[in-house]
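Hi,

Here is the structure we talked about.

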Amino acid sequence: MKDGGSSGADGASPVSPASSDANSSASNATSGHADASGSANAGSAGADASPASAADAGGSSDGAKDDETLTPLGQAKKEAADYLEALQRERAEFVNFRNRAKKEQDIFRQHGIIDVLTALLPALDDIDRIREHDQLGESFEAVATKIDKTFEKFGVEKFGEKGEDFDPTKHEAILHKPDPSATKETVDTVVEAGYRIGDRVIRAARVVVASPQA
């Protein structure tokens, strides 16, 4: 009885070697397909990730290049601004120097004219006295006129006229003469004419002043 049961059980349980091999092959095929799919997906993911990484790397490279380009440009702009500032400063100093030199030149020129005029004042006074008495000949009058025009050319102005108001800043009163008809002090007689250059009086006009009676 036991042998029969065992035999029956043994008859139901045994599996043929061919079936086992087939099942193993099918399992291996399924596993291989899964591995292939995983590898393909991994490859696809790797392929998808590569362009992004390349793009990021390219962006970083461009940024570095921009930094390298802007830094020398900024330095060049700074140097240009420094050079411009230095040039403007040098130009301002040159303009100031030129103005000072011109002013000093004008002062030296004026001093030279004053020295010549001062040396000629006695002769000019004599010419004026001769003119007052109408004793200048035509030829000598022409020479005296040329002298006057020459001084005018160098900015020398002759002043002092009879009847003008007395001004102590440009007139030197050598005599005060009471005048009943005078309402204020005026120049009665010009003894020696005055001379000036611009606002600078070289010699005040020496005059006789007509003064109101007290």
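How many salt bridges does the structure hold? There are 16 salt bridges in it, a salt bridge being a side-chain nitrogen of Lys or Arg within 4 Å of a carboxyl oxygen of Asp or Glu.

Before the details, a word on the basis: this is a predicted model, where local features need pLDDT of at least 70 and side-chain atom pairs count only at pLDDT 80 or more, while totals for chains, interfaces and linings use all residues. Residues are numbered from 1 along each chain as its sequence is written, and side-chain values use heavy atoms, with hydrogens and water left out.

**Salt bridges**

Take Asp126 and Arg129, whose closest N and O atoms are 3.0 Å apart. They sit 3 residues apart in helix 2, so about one helical turn separates them. (Helices are DSSP runs of H or I with at least four residues, strands are runs of E with at least two, and both are numbered from the N terminus.) Asp126 is partly exposed at 42% relative accessible area, where buried means under 20%, exposed over 50% and partly exposed in between, using a 1.4 Å probe and protein chains only.

Asp165 and Lys184 also pair up, at 3.1 Å from N to O. Asp165 is in the loop between strand 1 (156–159) and strand 2, and Lys184 in the loop between strand 2 and strand 3 (186–192), so this pair ties together parts 19 residues apart in sequence.

Then there is Arg206 with Glu172, at 3.4 Å from N to O. Arg206 belongs to strand 6 (residues 205–212) and Glu172 to strand 2, so the bridge links parts that are 34 residues apart in sequence. Through shared partners, salt bridges join Asp125, Asp126, Arg129, Glu172, Glu192, Arg203 and Arg206 into one network.

**Nonpolar core**

The largest nonpolar core has 11 residues, including Ile113, Leu117, Phe151, Tyr195 and Ile202. By nonpolar core I mean buried Ala, Val, Leu, Ile, Met, Phe, Trp, Tyr and Cys residues joined through side-chain atoms within 4.5 Å. Helix 2 (17–132) and strand 4 (194–197) each supply at least two residues of this core, and helix 2 gives the most, with 5 residues. Domain 1 (71–154) and domain 2 (156–213) both contribute to this core, so it lies between them; the domain bounds come from an automatic or database domain assignment. Apart from this core lies another, of 7 residues, among them Phe159, Val190, Ala205 and Val209.

Cheers
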